[in-house]
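Student: I'd like to learn how to read the backbone of a model like this one. Can you walk me through it?

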Amino acid sequence: MSDFRDFRWTPENAREAERIIARYPKGREASAIMPLLWLAQNQMRDETGIAWLPLPVIEYVAAQIGMPKIRALEVATFYTMYNLKPIGRFHVQVCGTTPCWLRGSDEVFRACFDRGLKKGETTPDGLFTLSEVECLGACANAPVMQVNDDNYEDLSYETTLAVLDALAAGRTPKPGSQIGRTASCPEGGPTTLKELA
Amino acid sequence: MPKVTVDGIEVEVPAGATVMQACEMAGKEIPRFCYHERLSIAGNCRMCLVEVSPGPPKPQASCALPAAEGQVITTTSEKVRKAREGVMEFLLINHPLDCPICDQGGECDLQDQAMAYGRGYSRFAENKRAVTEKYMGPLVKTVMTRCIHCTRCVRFAEEVAGVEEIGALFRGENMQITSYLEQAVTSEVSGNIIDLCPVGALTAKPTAFTARPWELTRTDTIDAMDAVGSNTVAHSRSGTVIRITPRVNDDVNEEWISDIARFGVDGLRERRLDRPWVRVDGRLREASWAAAFASIAARAEGVPGERVAALVGPMAALEEMVALRDLLTGLGASRIECRLDGSAVGEAPFADRSHWRFNTTLAGLEQADSILLVGSAIRHDAPLVMTRIRKAVRAGAELFVIGEERELGAPATFLGDDLSALAALPEAFLRAERPAALVESRNARAEVLAAVAALPLVREGWNGFNLLHTDASRVGALELGLVVPGGLSALAADPPELLFLLGVDEIDLAPFAGAFKVYLGSHGDRGAAAADVILPAAAWLEKPGTFVNMEGRVQRSLRAVFPPGDAREDWTILRALADRLGVRLPYDDLATLRRRIAHEWPQLGAEGLAPAPWVAPDVAGFGAPSGPTVRRSAGFYTATPILRASPTMAACVAEIVEGRKPQLLEAAA
Ligand code: SF4
Ligand code: FES
Ligand code: FES
């Protein structure tokens, strides 16, 4: 797989791709481009350890749904979820939008910088790529960072370091709130509607 | 039909019209960048804001808003003006304002509209965005920092050119327009994006930094590179044609022209025949007009009329063809042939005007609901007919093709490369309400014509029998009856002693090796190389000429510049030569010659399209055609001597056809 020209779906992903395409009306197969690119990026991660989309892979997906190559590339370059360059094993996406910023995203970044991560770059050991992203949709648990498919929430400088160190050590830290609350329930247990009427 | 009020003026607009169209009907000019009446609506530049009530209190983009009954539209209010000024300010934030070094200067929509809506100062103190240039091929130069992301070029490539190769990558401030992987755009009509681009992001590479639009003299001309007869403007300065741009004619070329029509013109400056030449002892030598005429007269002495013949090349105008015909008639000769590609049209039973015309008309082709191509070289033969077909296909027509499989830029069903497919056409074509067949001239053998004429193509109010010509001269020549029974092969079987070649370069002249050949033309190419006497003539932009396009439409082209050196207008050469040969042609000026034409061929006397009612040919007795179609032998960019002389066209061959990038060219040099 040197230049990825021989990229093919795995049998399971081939079935999944068919299923995705079948969601759209006939003649509108091009609508499947986003989930298919996502599927391909994940397959790349499974096969090579790096979740990204080399050009031949984008062309492969475009050809499957009869979409001109330039149209597929437009989609792939528009959304930040598609990586057009190889990234580290862990894609650390730290939210810098206002709610997270007010709740301390600067501290989260500081922790990342202190572990050698740089925005838009991959660490020399190939483990981490750091991106600053806009709202990840979990503002109630700000500040938030997403690592591959998992969200880490309610972060502080220390907990961010802990998450990064655990990942570097090959462990999977528990996703979600790092201060122990369930989803966005109030910190320290319910504050209202405590009794059944 | 909704009625709306625009600035107090009440107008009734057709159903489905937009607010912008309503404003235009009321005589209001709406500034715009992304909207173009021949492209789909994008609504992304926001320059066309107007106030509309009822509706939200903010200004609306008029190009994308349907006009509705009772709307009150305001285009001149303070609010509208401020909104447009705001849009302009945003556009200029990232625009380099490098008009002094921009080729678009003087014909730039952004420049013009900034005069009306620009604030004259900037409040933007940050760094401006800069975008790298994108390689798009040898024709289109890009300065992408100037791009305002209107996406006209993207929409043109997809919708009109049928090549989805241009797109907008990345997003927001980082958005960039590019061709896929910066490859040369492989379209025959790509030059039109230069006209479409409202700013100087896409300009003409061959004429970069050569002229300002206001220094150029504009002359209305007709394109003679193919048989569409595109209406063009030749822009010239100091006796040189600098560039060619389209003129709007909805019946013919809409507002597009092909890349050879636009860019082949620099071939007019190269390899010109600018003085007569005479072959002496096997070698061509420069000569005077008198000496050239004398050698022809000496050779013509005593040659009987039936041993004299003439061939007519692809770019001849009506005037010289008539003069040539009159000269030959005077010499007692009748053999003049224009069909150099083996077409059988023009001879019984296909000798009626309706048999060699594009009967649906070019615009009418869009109404077809099923289209059959006999031969698949249409993208090269007539790129602007292909754009019409694309429109028809978008509107739901089906496209069937007999011929070699090629990318046509429109979905097509290939029926194989065997003409026997004509006998087994799909039901969808045979049962269509408005079917149209386009027979390539080179494939118009008698059996093919008979088979196509036997199809149900003609009915009340519809005639779908179309001949697709490639030569600008052809329909005019056929109307003049310049055919020899049996065509070129009959002529070759009984070769003349004296042969006139009117710009003939594309055929094998070996069968006429024994003939004394007089070549009349503009470029030192194959025909001139084989000639015994060369008479230097004007190229199409260097003479007033009448051209009859494939529909039969008569159009006049004016003279943009004078021919170089001793070259003269063709008909005047023939007129003078006739005198020397003892034949008197009864016209001394163009007006008299044109009167002579109008007298004998009234349909050719006036501009426009004279009707040609269908005359069903008697097709009994023809066998069913079979075998592969005849392929186009000429390349798109090298089809005529002018194109072969053009440095720009040579670059097209290298970079588009052979796919070499210019850096490599430099390295190889
Ligand atoms: S290059 Fe020109 S036509 Fe294309 S999007 Fe930019 S401004 Fe519009
Ligand atoms: S702002 Fe960070 S998740 Fe919404
Ligand atoms: S012209 Fe209406 S938005 Fe561009």
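Tutor: We'll go through some peptide bonds and phi angles, one by one. Keep in mind that this is a predicted model.

Student: Let's start with peptide bonds. Which residues does the cis peptide bond with omega of about -5° join?

Tutor: For this feature, you read omega. In chain A, the cis bond links Ala142(A) to Pro143(A), and omega is about -5°. Pro143(A) sits in the loop between β2 (128–133) and β3 (145–147) of chain A.

Student: And what is the omega of the peptide bond from Ala348(B) to Pro349(B)?

Tutor: That bond is cis, with omega near 5°. To place Pro349(B), look at the loop of chain B that runs between β16 (335–337) and β17 (370–374).

Student: Now phi. Which residue has a positive phi of about 50° although it is not a glycine?

Tutor: That's Asp154(A). You'll find Asp154(A) in the loop between β4 (150–153) and α7 (157–168) of chain A.

Student: Is Asp154(A) buried or exposed?

Tutor: Here you count neighbours: 20 or more other C-beta atoms within 10 Å makes a residue buried. Asp154(A) has 21, so it is buried.

Student: What about Arg271(B): where is it?

Tutor: Arg271(B) is in chain B, in the loop between α6 (259–263) and β13 (277–280). Its phi is near 50°, a positive value, and it is a residue other than glycine.

Student: How many other C-beta atoms lie within 10 Å of Arg271(B)?

Tutor: The count for Arg271(B) is 16. A residue is exposed at 12 or fewer and buried at 20 or more, so Arg271(B) comes out as partly exposed.

Key: Residues are numbered from 1 along each chain as its sequence is written. Chains are lettered from A and ligands numbered from 1 in the order in which they are written. This is a predicted model: local features need pLDDT of at least 70, side-chain atom pairs count only at pLDDT 80 or more; totals for chains, interfaces and linings use all residues. Helices (H or I, at least four residues) and strands (E, at least two) are DSSP runs, numbered from the N terminus.
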